[in-house]
Amino acid sequence: MTKDMITCPIENTLKLINRKWVIVLIRDMFTGKKHFKEFNENKPNLSNTVLAETLKFMENNNLIEKKKSLVNNKPSTEYYLRKKGSRLNRILYEMAIFGIDELECGDEGDLEIINMFKEYYAELLKV
């Protein structure tokens, strides 16, 4: 194996999830969102073009799959996490816990609320 063939798994993972909105959209899918319109809610800085490009990037990288169907004779498209996307749950969980412990509640906030948020994320992300 040559030096050029050796890759860093952390760097490779970052290349996959470092694209703007990928982590946020994966989080949205864990919360049950699956339609284009739902992903766009509460994200005023996310244009339809960027959302479509990001979903296509995620689909091309096997993080999600797109399923088309007819609902009440109208076309419907839904997005679902694939195994590869679902396996990012621990990364999202650790990001949430870091945010709770180090960024949001680092000044010894209400422990009951902190623990409630930790339990919420553990259940949501299935860790």
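Here are some friendly questions and answers about this predicted model.

Residues are numbered from 1 along each chain as its sequence is written, and side-chain values use heavy atoms, without hydrogens and water. Because the model is predicted, local features need pLDDT of at least 70 and side-chain atom pairs count only at pLDDT 80 or more, while totals for chains, interfaces and linings use all residues.

Me: What pattern does the chain follow along the sequence?
Reply: The chain has seven helices and two strands. Helices (H or I, at least four residues) and strands (E, at least two) are DSSP runs, numbered from the N terminus. Read along the sequence, the pattern is α-α-α-α-β-β-α-α-α.

Me: Is Asp28 buried or exposed?
Reply: Asp28 is found in helix H2, residues 22–30. Buried means under 20% relative accessible area, exposed over 50%, and partly exposed in between (1.4 Å probe, protein chains only). With a relative accessible area of 2%, Asp28 is buried.

Me: Which residues are linked with Asp28 in a network of salt bridges?
Reply: A salt bridge is a side-chain nitrogen of Lys or Arg within 4 Å of a carboxyl oxygen of Asp or Glu. Asp28 forms one with Arg27, the closest N and O atoms being 2.8 Å apart. Arg27 is partly exposed, at 35% relative accessible area. The residues linked with Asp28 in the network are Arg27 and Lys43.

Me: Which helices hold Lys118 and Asp101?
Reply: The side chains of Lys118 and Asp101 meet in a salt bridge, 2.8 Å from N to O. This pair, 17 residues apart, links distant parts of the chain: Lys118 lies in helix H7 and Asp101 in helix H6.

Me: Why are Lys56 and Glu59 separated by about one helical turn?
Reply: Their side chains meet in a salt bridge, with 4.0 Å between N and O. Lys56 is partly exposed at 42% relative accessibility, and Glu59 is partly exposed at 22%. Lys56 and Glu59 are about one helical turn apart because they sit three residues apart in helix H4, residues 48–60.

Me: Which element gives the largest share of the lining of the second largest pocket?
Reply: A pocket is an open set of points on a 1 Å grid over the protein atoms alone where a 1.4 Å probe fits, with protein on both sides within 12 Å along at least five of seven lines; lining residues have an atom within 4 Å of a point. Helix H1 (9–17) and helix H6 (89–104) each supply at least two lining residues. The largest share, three residues, comes from H6.
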